[in-house]
Amino acid sequence: MRSTTKYLAGAATMLMLTALLLTGCARTARDRAADAVPIKGFKPYVIADSSKIITYPNGLKIYTVEAGPGDYPVNGIKVKMHYYGMLDDGTVFDDSYSRGLPLEFSMGSASVIDGITETVKKVRLGSKVIAIIPSELGYGDGKGKDGLPPKIPANARLTFHLDLLGSF
């Protein structure tokens with residue numbers, strides 16, 4: 001009798017834990033869906049003082065619009081950010097704001113261009129920055145394994161307005 005009671009108690013505990021886990025997963029999916037609300041009227045950040053642009057040896061330029069309070073991201077952590085990408089002529093080639101879903105990627109995973117990874121490594125989480133990325137850290141001449149994305153010409157310099165929301 002005791003072993004049956006222990007078995008039933010253990011089974012009930014497992015069912016409760018499974019229900020809690022499933023409820024947590026469903027809530028996470030619901031929360032992500034709630035995040036997918038387009039942010040209308042995003043206005044690109046402005047460089048108010050060009051003397052505060054930091055230029056790195058690889059040609060990357062970063063202007064901090066608003067410094068964040070978080071840590072500097074390192075390889076292996078997952079970062080969440082909104083972005084707004086433009087060419088020198090003002091053409092917007094992609095942005096996460098219109099989709100309402102921030103980009104999420106693991107630092108060091110090669111899932112984003114090198115210029116984004118290099119930028120994110122150099123700024124604190126919670127920051128808003130403008131990154132001017134030379135073509136060598138972007139898509140280069142387009143002869144790489146993935147070629148060029150739509151709207152981006154060969155050897156294009158890319159400007160990204162980034163809002164590093166945090167890590168998870």
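In helix 2 (114-122), the residues G115, I116, T117, T119 and V120 are buried, where buried means under 20% relative accessible area, exposed over 50% and partly exposed in between, with a 1.4 Å probe and protein chains only. Helices (H or I, at least four residues) and strands (E, at least two) are DSSP runs numbered from the N terminus.

Before I continue, a word on the source. This is a predicted model, in which local features need pLDDT of at least 70 and side-chain atom pairs count only at pLDDT 80 or more, while totals for chains, interfaces and linings use all residues. Residues are numbered from 1 along each chain as its sequence is written, and side-chain values use heavy atoms, with hydrogens and water left out.

The protein chain has two helices and seven strands, arranged along the sequence as α-β-β-β-β-β-α-β-β. Of its 168 residues, 33% are buried. Taking contacts (heavy atoms within 4.5 Å) between residues at least 6 apart in sequence, 69% join residues at least 24 apart.

I return to helix 2. Against which strands do its buried residues pack? They pack against strand 2 (61-66), strand 3, strand 5 (103-106), strand 6 and strand 7. T119, in helix 2, is an example: its relative accessible area is 0%, so T119 is buried. A polar atom of the T119 side chain lies 2.7 Å from the backbone oxygen of G115. Beyond its neighbours within four places in sequence, T119 is in contact with L60, I62, V129, A131 and L162.

Next, the cores. A nonpolar core is a set of buried Ala, Val, Leu, Ile, Met, Phe, Trp, Tyr and Cys residues joined through side-chain atoms within 4.5 Å. The largest one holds 25 residues, and F105, I116, V120, I133, L158, F160 and L162 touch the most other members. Strand 3 (78-87), helix 2, strand 6 (128-133) and strand 7 (158-167) each supply at least two residues of this core. Another core, of eight residues, lies apart from it and includes F42, Y63, Y84 and I132. In soluble globular proteins, nonpolar side chains tend to be buried together.

By contrast, consider D89, in the loop between strand 3 and strand 4. Is D89 buried or exposed? D89 counts as exposed because its relative accessibility is 62%. Its side chain makes a polar contact with the side chain of T91 at 2.7 Å; such a contact is a pair of N or O atoms within 3.5 Å, where within protein one must be able to donate a hydrogen and the other to accept it, and residues adjacent in sequence count only if both atoms are side-chain atoms.

Finally, the pockets. On a 1 Å grid over the protein atoms alone, a pocket is an open set of points where a 1.4 Å probe fits, with protein on both sides within 12 Å along at least five of seven lines, and lining residues have an atom within 4 Å of a point. The largest pocket has about 390 Å³ of space and is lined by 18 residues, of which I113, G138, Y139, K145 and D146 lie nearest its centre. The second largest pocket has a volume of about 240 Å³. Its lining has 14 residues, with Y83, D94, L103, Y139 and F160 nearest the centre. Strand 3 and strand 4 (92-95) each supply at least two residues of that lining.

How values were computed
Points joined across faces, edges and corners; volume = space filled by probe spheres on them.
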